[in-house]
Amino acid sequence: MTITQLQYVLAVAEHKNFTLAAEKSFVTQPTLSMQVQKLEDELGVLIFDRSKKPISITEVGKKIVAQAKNIVAEAERIKDIVDQDKGFIGGDYTLGIIPTVMPTLLPMFLNTFIKKYPKVNLIIKEQSTDNLIKNILDGHLDAGIAATPLEIEFIKERPLYYEPFVGYVPKNHRLSSETQLTTDHLDVNDVLLLQDGHCFRDGVINLCKASKNMNGEHFKIESGSFETLISLADEGMGMTLLPYLNTLQLGLQKKENLKPFKSPSPAREISLIYHKSELKIQITEALRDVISSIVRGAITFQDVKIISPLSKN
């Protein structure tokens, strides 16, 4: 039994196809199939049922795949131990970032990080929170940046910053005369929301529900971007809520429509999340230090109330 064989087993388990698994493993299909067959022969069991399309994992195969994940992860940890002992911070590092954080946070830290750690090959992917979690657990991401708390087993959460919610209220809106907002002002039927699947949307809905202004799940308009929500608000379709960092690049005219919340301001917690195995932890810590130091200069709010991204439906 070899680590390579176990890696091939994991590839087949993920893709349910020997040819695709071979492509992703950068080997020929006969080579991969032969190694998986050799492992099955050695163990005296079938890991995969090849009679089905797509192929399926046998019951004993599921247990083997679960253990193979642990073994491969622990094997990779050996290199981590050596790198940490040498003080080396480098190599491939795949980071996922949720869509409502990516456009504002990435430009703030990316240039600084790659200059400070030139030996790190940072691979960045924009993904939903659900995909971040799945890919971290499956070993396809080294870490993610998401709104927390998520309370997922086997995933650690390290807060990076707390980002307040800010109201965007156009001049003709019923709340335009308010200098500060409270949760009591909010009516979810009057708030323009992101499309389903965005954790910021769930945070807004939770905030509105907390103030007992939820009059059923009737939403007039949903969009995939904050820019669209702002434009719709300007057209008199309602108000919206924005993460604080998204307000910094607005023009002066649009900034006049911003309404802060009374203290403690509702906020979302943005964290670096990663597997509890802590593979490549030296890079994770370096990334956290760079982001935290940069964002602290942009967000000075201290008195905030964290709104969970977990759906309360």
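The exercises below go through a predicted model of a protein, each with a worked solution.

Residues are numbered from 1 along each chain as its sequence is written. In this predicted model, local features need pLDDT of at least 70 and side-chain atom pairs count only at pLDDT 80 or more, while totals for chains, interfaces and linings use all residues; side-chain values use heavy atoms, with hydrogens and water left out.

**Exercise 1. Overall description**

Task: State how many helices and strands the protein has, and what share of its residues is buried.

Solution: 
- Step 1. Helices (H or I, at least four residues) and strands (E, at least two) are DSSP runs, numbered from the N terminus. The protein has 11 helices and 12 strands.
- Step 2. Buried means under 20% relative accessible area, exposed over 50%, and partly exposed in between (1.4 Å probe, protein chains only). Of the 313 residues, 47% are buried.
- Step 3. Taken along the principal axes, the box filled by the C-alpha atoms is roughly 75 × 45 × 30 Å.
- Step 4. Contact means heavy atoms within 4.5 Å. Among contacts between residues at least 6 apart in sequence, 75% join residues at least 24 apart.

**Exercise 2. Strands E5 and E11**

Task: Work out which strands pair with E5 and E11, and in what sense.

Solution: 
- Step 1. Two strands pair if DSSP finds at least two bridges between them.
- Step 2. E5 (residues 143-148) and E11 are antiparallel, with five bridges. Ala-146 has Ser-271 of E11 as its bridge partner, and Ala-147 stands opposite Ile-270 in E11.
- Step 3. E3 (residues 91-97) runs parallel to E5, and three bridges join them. Ile-97 has Ile-145 of E5 as its bridge partner.
- Step 4. E6 (residues 155-168) pairs with E11 in the antiparallel sense over nine bridges.
- Step 5. Six of the six residues of E5 are buried, so E5 is largely enclosed by the rest of the structure. E11 (residues 265-275) is mostly covered, with 10 of its 11 residues buried.

**Exercise 3. Salt bridges**

Task: Give the number of salt bridges and locate the partners in three of them.

Solution: 
- Step 1. Side chains of opposite charge can pair when their charged atoms come close. A salt bridge is a side-chain nitrogen of Lys or Arg within 4 Å of a carboxyl oxygen of Asp or Glu. The structure holds 13 salt bridges.
- Step 2. Asp-142 and Lys-280 meet in a salt bridge, N to O 3.4 Å. Asp-142 is in the loop between H6 (129-137) and E5, and Lys-280 is in the loop between E11 and H11 (281-295), 138 residues apart. Asp-142 is buried at 17% relative accessible area, whereas Lys-280 is partly exposed at 24%.
- Step 3. Arg-268 and Glu-163 form a salt bridge with the closest N and O atoms 2.9 Å apart. Arg-268 lies in E11 and Glu-163 in E6, so the pair ties together parts 105 residues apart in sequence. Both residues are buried, and Arg-268 is also the bridge partner of Glu-163 in E11.
- Step 4. The closest N and O atoms of the salt bridge between Lys-254 and Asp-234 are 2.5 Å apart. Lys-254 lies in H10 (residues 252-255) and Asp-234 in H8 (residues 226-234), so parts 20 residues apart in sequence are tied together.

**Exercise 4. A buried charge**

Solution:
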